[in-house]
Amino acid sequence: MILYILCFILFLVGLYGVITRRNVIKIVLGICIMEYSLNLLLILIGYVDEGVAPIVVRETMASKFVDPLPQAMVLTVIVIGLATTAMLLAIAIRVYKKHGTFDIREIKNLKG
Amino acid sequence: MMTRGMTNIVKTTTRLICGVIFIFGIYLVSHGHLTPGGGFAGGTVMAGAFILLVLAFGDDVKHLRKTEEGSSTLENLAILLFLLMGVAGMLFGANVFFKNFLEAGTMGELFSAGVIPFLNILIGIEVAAALFTVFLAFVIFKEEEK
Amino acid sequence: MEVLIAIIIVLMIAGSIYTLHSRDLLSAVISYGITGFGLVICFLLLQAPDLAIAQILVEIITLIIMISVIRISTREDVTERSTIHIKGVRYINMRTAAYIVTGAVFMIALLYFFMDATVLLDPFGVHQVRMSAAYMEVGAAITGSANLVAGVLFDFRAYDTLGEATILITAVIGILTVLRLKGRR
């Protein structure tokens with residue numbers, strides 16, 4: 001139970017970064033931290049005590065596997081996360097070239 | 001005379017280990033149904049090998065643009081073939097998408113598990129090409145800014 | 001086991017707080033690696049080797065892309081004025097104080113509701129496998145794949161994988177569009 005709460009605190013740290021930082025790069029990092037905490041939470045839920053990785057060694061089934069379904073879903077999320085992070089960074093660098101700063105307040109004041 | 005890329009130490013080390021990294025990526029993709037790994041992890045390893053080459057040796061913009069075009073085309077072809085593999089099951093009489101229409105074979109051999117190795121290879125190519133294209137887009141942007 | 005993972009998560013929290021507060025953007029990006037590599041060790045301890053391989057490589061490539069972005073822009077953080085000086089005495093900015101109070105109340109409320117919701121989850125380690133029980137029993141026999149994760153990913157749920165690949169290709173097209181400076185001839 002304490003692990004779930006620690007994981008959620010990691011999520012809250014990312015949320016704090018998104019809503020308080022003014023730098024665009026810091027906001028992107030906050031979004032990445034939130035994504036990592038969600039991946040970790042899904043894998044924590046699927047863990048079974050003294051389970052082994054879900055790989056069948058022989059025809060006989062091993063005693064206990066950890067849940068393979070969250071692992072398969074999180075595996076796709078990790079690669080998508082890299083692509084979306086790169087997309088956010090591309091938008092950030094175009095904003096920097098247009099306005100000359102990463103400060104979102106300056107960008108808001110300049111209006112286009 | 002301005003030399004392109006990094007120092008000689010980095011270049012020599014890259015020459016030595018780049019091929020090994022690429023072969024490890026191919027191993028991860030092709031044994032994805034037997035050992036940990038698979039298309040996503042192996043594709044990222046292969047993209048890492050190419051990224052290491054570009055970082056160490058550098059290139060001119062014209063050639064980089066051509067490479068970007070090629071990797072982008074490869075990515076599109078890979079996802080098209082992935083979709084066709086899904087439809088192909090319907091030709092063999094199944095009425096569901098992504099039916100495993102080949103023989104399952106004996107578990108633990110390299111050629112087993114029906115269509116899963118082929119889908120693994122296609123996803124590996126797709127991920128590798130996509131990540132390499134993203135990296136090349138940033139490099140070309142940086143070079144054109146100058 | 002539980003204690004070990006708890007220690008690693010605390011380290012990840014400390015690393016991410018440093019990431020969000022450092023003055024130098026380059027050190028922020030590098031210390032962001034603490035969170036990512038801590039996540040890799042957590043995946044290894046939680047018996048997920050596929051995820052560990054993918055995560056460690058994605059972390060490295062993210063670092064390369066972020067450093068390339070910082071090298072073409074600036075590495076200085078924007079200055080944040082949280083205090084004002086009136087007659088030599090430092091006061092906290094009124095607006096900043098309002099932000100801090102609102103954020104703290106909001107986050108404590110979120111944490112409270114999450115702790116309420118954890119009652120519905122199984123405690124750590126005694127997960128009742130409901131949906132994937134069939135996958136674990138007959139999955140290896142049906143698909144012939146020794147790696148059950150690959151079996152789920154490419155046979156039972158291949159449609160999800162197709163959607164994932166579509167998102168990947170859409171993101172790449174978006175990046176190429178945003179970063180294009182000169183038109184193609």
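Modeller: Let us begin with contact, which here means heavy atoms within 4.5 Å. This is a predicted model, in which local features need pLDDT of at least 70 and side-chain atom pairs count only at pLDDT 80 or more, whereas totals for chains, interfaces and linings use all residues. Residues are numbered from 1 along each chain as its sequence is written, chains are lettered from A in the order in which they are written, and side-chain values use heavy atoms, with hydrogens and water left out.

Colleague: Among contacts in chain C between residues at least 6 apart in sequence, what share joins residues at least 24 apart?

Modeller: In chain C that share is 41%, and with the corresponding separations chain A gives 51%.

Colleague: How many helices and strands does chain C have, and what pattern do they follow along the sequence?

Modeller: Helices (H or I, at least four residues) and strands (E, at least two) are DSSP runs, numbered from the N terminus. Chain C has 7 helices and 2 strands, arranged along the sequence as α-α-α-β-β-α-α-α-α. Its radius of gyration, taken over C-alpha atoms, is to be read against the globule rule, 2.2 Å times the number of residues to the power 0.38. For chain C the radius is 23 Å, well over the 16 Å that the rule gives for 185 residues, so the chain is more spread out than a compact globule. The C-alpha trace of chain C spans about 80 × 60 × 25 Å along its principal axes.

Colleague: What is the radius of gyration of chain A?

Modeller: Chain A, with 4 helices and 0 strands, has a radius of 20 Å, well over the 13 Å given by the globule rule for 112 residues, so chain A too is more spread out than a compact globule.

Colleague: Which residues have the most contacts inside the largest nonpolar core?

Modeller: In soluble globular proteins, nonpolar side chains tend to be buried together. A nonpolar core is a set of buried Ala, Val, Leu, Ile, Met, Phe, Trp, Tyr and Cys residues joined through side-chain atoms within 4.5 Å, where buried means under 20% relative accessible area with a 1.4 Å probe, protein chains only. The largest such core has 116 residues, and Leu40(A), Leu44(A) and Phe138(B) have the most contacts inside it. Helix H4 (residues 116-145) of chain B gives the most to this core, with 17 residues. Leaving aside residues up to four places away in sequence, Phe138(B) touches several residues, among them Leu89(A), Ile65(C) and Leu179(C).

Notes
Buried means under 20% relative accessible area, exposed over 50%, partly exposed in between (1.4 Å probe, protein chains only).
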